[in-house]
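Hello,

The structure we talked about is below. My notes on the sheet and the salt bridges follow.

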Amino acid sequence: MACPCLNFPSGLKGMSRKKTLLLFLLAFSTGTLVLRQSAHFSWFPKSPPFSCAPWVSLPPKHTAVAFLKTHKTASTTVQNLLFRFAERHNVTVALPHHACDHQFCYPHNFSARFVHPYTLPPRLIASHLRFNREELRHLMPNDTVYITILREPVAMFESLFSYYNQYCPAFRRVPNGSMETFLDNPSQYYRSHEKYAMYAHNTLVYDLGGDPEHSPEDSAYLPKFIRQIEGIFSLVMLAEYFDESLVLLRHLLAWDLEDILYVKLNMRSLESKLNITSARVAAQIRAWNALDAGLYDHFNATFWRKLSKMDHGCLQKEVRALHQACERLARHCFRGQPQLRPAMQIKNKDLRPWQPSAKVDIVGYDLPGSGPHSDEQCLKLVMPEVQYSRYLLRKQSLKNRRWAVPHRPLSPRGLLPPPPHPAVKAS
């Protein structure tokens with residue numbers, strides 16, 4: 001006896017069979033696509049964007065991003081996740097010309113001439129540069145989203161003072177390398193015209209293209225500068241609230257949880273850090289870097305206004321999901337919790353972070369069984385900035401060399417500074 005559910009009226013039998021076949025083929029194709037996508041990270045189940053409110057349709061991921069990489073703000077960790085995103089989604093990354101080393105000829109104002117021709121046209125840029133809106137506007141596509149990250153000025157200045165102690169002349173002049181001595185009389189040691197002076201005074205304002213020497217007594221300057229930044233940058237993240245910043249970034253760009261996973265990079269050892277326990281010293285740092293302090297205070301308030309627009313329970317849920325996913329990633333890559341190591345104890349030389357001086361120890365990671373057959377995604381996760389930049393340049397050069405247009409070499413006559421870190425040589 002035929003099943004009653006298949007007893008169609010004679011005029012509909014052929015049409016219903018066709019519909020049934022089409023539905024079966026659609027379901028089969030969808031299942032195959034899902035299996036292929038989930039195979040990319042077999043250790044981490046592909047999850048939809050975690051949102052408390054259901055999405056009727058998922059928007060496409062935004063891939064045109066300009067990240068202003070500020071100094072000593074956890075920006076290397078952000079850069080790393082952007083580089084990994086670009087590789088997974090076949091996005092071209094703008095990288096510095098060999099003459100600029102691994103930064104875009106910083107501290108010079110950014111110019112599109114500093115971009116390596118084999119990395120054109122880009123949809124993502126994330127290496128150190130001094131912000132120049134017009135040059136970036138000509139380089140990047142019209143749909144580019146601009147983002148950056150700031151750090152509380154007291155903690156940031158301590159990091160700058162210890163990290164660049166051998167490069168910034170103002171810091172080198174200080175007897176016994178004492179930050180307190182410098183802060184007691186900064187003008188005795190600081191010269192605004194010297195190379196790398198920007199590491200010693202209002203570094204955030206300098207990186208964002210402002211005037212770090214402008215008098216904080218001019219009450220009109222900083223508000224005007226802040227309005228310019230707000231008119232360009234869709235998101236200003238905060239290093240102190242890194243995970244919450246990544247949640248905002250994910251929402252802004254319609255990315256997946258997989259796209260914002262990270263481990264902390266370019267960290268100093270505990271012995272390399274200076275303890276600031278005095279309220280007087282903290283006040284001196286903020287007074288000396290008054291423009292940076294005002295800038296940070298404004299965007300700190302803006303940051304929390306953005307978060308307040310999200311449901312608090314939803315925000316906590318997303319931050320918790322990010323923590324758990326990063327822990328799963330760590331268990332996969334490190335067979336447990338990641339262990340920070342001094343550079344010379346890292347067996348894989350490609351994973352050794354650059355050391356700014358003998359007085360500062362930048363720690364990094366080794367991977368179990370690290371070598372040619374190690375998990376490539378784990379290698380990229382912990383790869384330091386210099387090595388990752390060189391790797392991407394080689395990769396994109398091989399891909400784009402045959403289509404590259406002839407270019408005129410950069411003039412060496414005063415247009416380019418020497419590499420900011422003499423120990424780092426371009427490959």
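V93 stands opposite L124 in β3. This is a predicted model, in which local features need pLDDT of at least 70 and side-chain atom pairs count only at pLDDT 80 or more, while totals for chains, interfaces and linings use all residues. Residues are numbered from 1 along each chain as its sequence is written, and side-chain values use heavy atoms, without hydrogens and water.

Sheet. Pairing requires at least two bridges found by DSSP between two strands. Two bridges join β2 to β3 (residues 124-125).

Salt bridges. With a side-chain nitrogen of Lys or Arg within 4 Å of a carboxyl oxygen of Asp or Glu as the criterion, the count is 16.

- E87 pairs with K395, closest N and O atoms 2.6 Å apart. The pair links helix α2 (residues 75-88) to helix α14 (residues 385-400), 308 residues apart. E87 is buried at 18% relative accessibility and K395 partly exposed at 38% (buried is under 20% relative accessible area, exposed over 50%, partly exposed in between; 1.4 Å probe, protein chains only).
- R250 and E318 form a salt bridge at 3.8 Å between the closest N and O atoms. R250 is buried at 0%, and E318 is buried at 1%.
- K61, R88, D256, E258 and D259 are linked in a salt-bridge network.

Regards

Definitions and conventions
Helix = DSSP H or I, 4+ residues; strand = E, 2+ residues; numbered from the N terminus.
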